[in-house]
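This briefing is intended for a reader who is new to the structure shown below. Please look at the two ligands and at the protein around each of them before reading on.

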Amino acid sequence: MGKPYARTSHTPSIAPEAVDRWVHEVCALTEPDRVHWCTGSDAEAAELTGQLLAKGEFEPLNEESYPGSYLYRSNPNDVARVEHLTFVCTQSEADAGPNNHWMAPDDGHRKIDALFQGAMRGRTLYVVPYCMGPIDSPYSRCGIEITDSAYVVLNMRIMTRMGTPALERIARDGTFVRGLHSIGDLNPDRRFIMHFPEELAIKSFGSGYGGNALLGKKCHALRIASWQARDEGWLAEHMLLVAIENPAGETHYVAAAFPSACGKTNLAMLIPPGSMPGWKVRTIGDDIAWLHPGADGRLYAINPEAGYFGVAPGTNAKSNRNAYESVSRDTIFTNVGMTADRTPWWEGLEGKPVSDWQGRPYDPSNGPAAHPNSRFTVSARRNPAWAPESELATGVPISAIIFGGRRRTLAPLVYEARNWRHGVLIGSGVASETTAAATGAVGVLRRDPMAMKPFCGYNFGDYWQHWLSIGERLSQPPRIFHVNWFRQDEGGKFLWPGFGENLRVLRWMLDRVTGRAAARETPIGYMPAREDLALDGLELSEATTQALLGVDTPAWRSEFAHLAGEFEQYGHRLPEALRAELHDAVRRLG
Ligand code: GTP
Ligand code: SPV
Ligand code: MN
């Protein structure tokens with residue numbers, strides 16, 4: 001039985017009554033043994049770490065080479081986002097749209113509250129106040145996550161501005177997003193991730209994995225925030241944010257939306273290639289951007305996060321030195337392997353694993369040592385290329401928006417939209433091969449508009465309309481581009497070297513922004529000719545360059561026919577202007 005509402009001596013005096021009342025309601029429902037209000041202090045983190053070590057949930061790593069770092073192994077059935085169990089619960093089903101799984105709010109609450117009933121018996125309930133964005137930014141938004149997982153608390157402490165300053169801001173704002181989370185019994189049959197955007201509420205049960213459990217991230221900063229952004233006139237996007245400085249000292253800010261595990265972290269931390277001396281790249285964000293039209297007609301962006309929850313496999317000193325150096329201390333590793341001297345290990349590193357991500361002795365016949373979606377959690381401040389602009393309350397002005405996907409064929413290395421409206425069409429047409437970031441088959445091509453298919457908290461038709469209206473408010477809109485680093489030959493070999501070399505493509509984009517680079521007009525948009533891209537030293541064959549920079553007209557015709565078919569499911573919610581834009585795009589193919 002629940003206890004009646006009463007502030008206790010453990011309630012921080014700054015906690016607004018609405019917060020305290022909600023904590024009591026949740027206690028009555030979940031019946032925890034203890035309640036802990038998180039302050040975000042070092043001592044608190046040390047204590048939680050000690051508890052996880054004592055229970056064997058954290059494996060200590062080599063204290064000399066990886067100080068302050070731990071390995072966490074999740075339940076093998078709980079290693080990725082679960083899109084089929086993720087719901088948007090709005091009064092009207094059409095508001096969630098065909099792009100979301102929908103449940104009526106009453107049904108959603110009933111279903112998941114039944115699971116929460118008594119779920120925290122014997123456990124500690126943690127109250128985790130957090131702020132998405134710099135504490136003093138008018139663009140930031142706060143939330144409180146209630147969870148029974150100390151692992152979640154420690155991750156939230158790295159990924160957000162967590163603790164007392166956030167609770168103070170909540171008291172000032174008078175509003176916050178309510179996120180309720182329990183790892184439950186990790187039974188996939190009792191696992192749901194539910195969103196109630198009309199109530200600014202999230203309820204997540206039965207998973208401890210990143211996007212399902214760190215509620216500030218995809219649940220709040222994308223699904224709930226995209227809904228708020230539509231109402232308030234801004235955009236919440238699945239985008240990295242990066243500062244690029246040319247040898248003349250000019251800095252441009254670029255935002256890029258790629259689907260999960262398609263290269264955002266890598267691009268955000270790019271190391272300029274030897275062929276581009278004097279260029280500097282600094283990271284503002286690697287996953288989420290909140291974009292606001294500014295008084296000067298430009299688009300301004302903040303990164304709501306404070307850390308990286310990055311894909312481990314493939315990360316090494318050559319592919320992504322900044323990430324590799326970031327994770328050398330104070331890092332939580334989830335589902336990677338380990339070497340004999342307790343060094344975290346994943347595919348793409350030298351050395352030899354002795355245990356795999358499930359803690360078994362490593363045996364190649366069991367598959368990779370690290371789970372393909374194994375991750376590191378680390379503070380953004382650990383990144384040698386961390387940009388101080390990350391703390392700017394006003395955000396940074398965006399010069400270019402890039403969309404991209406993982407496509408073996410069709411999409412060329414780069415093309416540029418004719419204007420904002422055409423850019424919205426290009427974004428809505430993003431398609432990509434599925435990755436290990438979500439459960440289900442890998443390598444299947446699917447439409448992933450603006451890389452937001454799993455994350456848009458409302459109907460895509462309304463969302464595209466919102467994108468079009470944001471464009472109308474910008475007198476100096478960013479230019480919009482599309483890239484594909486993942487073209488392959490018949491043998492499955494990547495045609496483009498990628499990683500640091502991608503800066504060659506970004507350089508062309510920024511030269512387009514400043515009017516310094518030429519382009520040719522093609523039926524799909526503006527493209528560089530071979531000589532417009534600095535390709536020196538790459539030794540790409542003529543055939544490879546042609547494949548990377550060519551437009552296969554018949555294939556694009558069928559691509560657009562397919563897109564037109566998909567648009568139809570949005571019915572009258574599809575903006576007329578987008579239908580007209582697609583019509584023009586088809587006409588240009590002849
Ligand atoms: P999420 O955190 O899931 O949103 O992923 P992300 O978009 O940040 O992807 P990330 O940068 O972690 O890259 C995912 C995988 O793509 C890694 O295995 C990288 O090594 C690989 N990758 C990244 N950039 C490139 C590139 O330019 N070329 C190729 N071939 N692979 C790349
Ligand atoms: C993604 O899947 O896009 C991620 C990891 O960035 S998660 O936090 O699980 O969403
Ligand atoms: Mn992501």
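The model is a predicted one. Ligand 1 has 21 residues around it, and ligand 2 has 13.

**Ligand 1: position and cover**

- Among the 21 surrounding residues, the closest to ligand 1 are A261, K264, T265, N266 and R375.
- At least two residues of the shell around ligand 1 come from α9 (264-268), and at least two come from β18 (307-311).
- The element that gives the most to this shell is α9, which supplies three residues.
- By residue type, the shell around ligand 1 consists of 10 nonpolar, seven polar and four charged residues.

- An oxygen atom of ligand 1 lies 2.9 Å from a backbone N or O atom of G263.
- P313 also places a backbone N or O atom 3.5 Å from an oxygen atom of ligand 1.
- From R406, a polar side-chain atom lies 3.3 Å from an oxygen atom of ligand 1.
- Ligand 1 taken alone exposes 660 Å², and the protein buries 91% of that area.

**Ligand 2: position and cover**

- The closest of the 13 residues that surround ligand 2 are R81, Y209, G211, K218 and S260.
- Domain 1 (17-56 + 85-232) and domain 2 (237-306 + 387-589) each provide at least three residues of the shell around ligand 2.
- The shell around ligand 2 is made up of four nonpolar, four polar and five charged residues.

- R81 has a polar side-chain atom 2.9 Å from an oxygen atom of ligand 2.
- In the side chain of Y209, an N or O atom is 2.9 Å from an oxygen atom of ligand 2.
- G211 contributes through its backbone, where an N or O atom lies 2.9 Å from an oxygen atom of ligand 2.
- Of the 280 Å² that ligand 2 exposes when taken alone, the protein buries 98%.
- Two or more residues of the shell around ligand 2 come from each of the elements α7 (210-213) and α8 (216-232).

Notes:
Residues are numbered from 1 along each chain as its sequence is written. Chains are lettered from A and ligands numbered from 1 in the order in which they are written. This is a predicted model: local features need pLDDT of at least 70, side-chain atom pairs count only at pLDDT 80 or more; totals for chains, interfaces and linings use all residues. Side-chain values use heavy atoms; hydrogens and water are left out. A residue is near a molecule or strand if one of its heavy atoms lies within 4 Å of it. A polar contact is a pair of N or O atoms within 3.5 Å; within protein, one must be able to donate a hydrogen and the other to accept it, and residues adjacent in sequence count only if both atoms are side-chain atoms. Accessible areas come from the Shrake-Rupley method with a 1.4 Å probe; for residues, only the protein chains shown count as cover. Helices (H or I, at least four residues) and strands (E, at least two) are DSSP runs, numbered from the N terminus. Ala, Val, Leu, Ile, Met, Phe, Trp, Tyr, Cys and Pro count as nonpolar, Asp, Glu, Lys and Arg as charged, and the others, Gly among them, as polar. Domain bounds come from an automatic or database domain assignment.
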